[in-house]
Amino acid sequence: MIIAMINTDTPDNTATTAAVEDKPAVEAKSDDTAEPTKELAKEEPAKAEPTKKPEKTPEPIPGIGTPLQVGDVVFTVLKKSSSNKIGDDFLTKEASGRFLILEVSIKNMDKKAITTDSSFFKLKIGDVEYKADGEADLYVNSADHMMFLQSINPGVEFKGNVAFDIPADKVDSPDLLLNVQTGFWGTEQDQIALK
């Protein structure tokens with residue numbers, strides 16, 4: 001049984017209140033006599049509380065020396081260094097801030113050759129992103145280890161250096177991450193901590 005209060009306004013703007021009681025529905029019979037219908041109370045099945053999925057503990061971000069597989073490519077940062085200038089006795093380049101130089105290993109685990117480039121690497125601190133200095137490739141790599149459009153055959157590991165010209169006070173930031181990707185479009189990405 002449901003009891004409801006209805007408030008209606010009268011033409012003379014005075015409010016009246018009426019109580020309405022919910023009564024069983026009446027079904028008309030063909031002989032014009034009415035009988036209450038019998039409604040079966042339907043019990044709703046008890047709703048089970050949604051089971052909580054156990055929260056996954058985030059996997060630790062790999063660091064220097066720890067291989068990271070992204071798709072069919074394994075990236076490893078082998079060494080981290082910094083300098084105000086890069087090059088040799090004959091050809092040098094000065095940093096606007098300070099060069100952060102990463103020696104990296106890239107291993108192709110695919111069944112066909114891949115092409116990599118220094119643009120596949122980015123530094124991140126929070127939401128700030130730093131691109132690799134493509135011109136620095138000439139100063140930090142020998143002619144046979146240039147990162148520019150380097151082809152790597154299946155099962156082969158390539159080692160080279162990637163340089164970033166970043167603010168000097170960011171070089172040793174504990175929040176510094178290297179973002180790596182497997183192709184020019186960056187569809188497969190992951191990060192390596194540079195602590």
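How many bridges join strand S7 (residues 92–108) to S12? Ten do, and these two strands run antiparallel.

This is a predicted model, in which local features need pLDDT of at least 70, side-chain atom pairs count only at pLDDT 80 or more, and totals for chains, interfaces and linings use all residues. Residues are numbered from 1 along each chain as its sequence is written, and side-chain values use heavy atoms, leaving out hydrogens and water.

**View 1. Four strands form an open sheet in the order S5-S6-S7-S12.** Their pairing is antiparallel (a pair needs at least two DSSP bridges; strands are DSSP runs of E, at least two residues, numbered from the N terminus). Strand S5 (68–70) and strand S12 (157–166) are the edges, each pairing on one side only.

**View 2. The largest nonpolar core has 28 residues.** Such a core is a set of buried Ala, Val, Leu, Ile, Met, Phe, Trp, Tyr and Cys residues joined through side-chain atoms within 4.5 Å, where buried means under 20% relative accessible area with a 1.4 Å probe, protein chains only. Leu-102, Ile-106 and Phe-121 are among the residues with the most contacts inside it. Beyond its neighbours within four places in sequence, Phe-121 is in contact (heavy atoms within 4.5 Å) with residues including Phe-75, Val-162 and Leu-178.

**View 3. Asp-133 sits in the loop between strand S10 (128–131) and helix H1 (137–140).** Helices here are DSSP runs of H or I, at least four residues. Asp-133 counts as buried because its relative accessible area is 16%. Not counting residues up to four places away in sequence, Asp-133 touches Lys-93, Phe-99, Ala-163, Phe-164 and Asp-165.

Key
Buried < 20%, exposed > 50% of the residue type's maximum accessible area, 1.4 Å probe, protein only.
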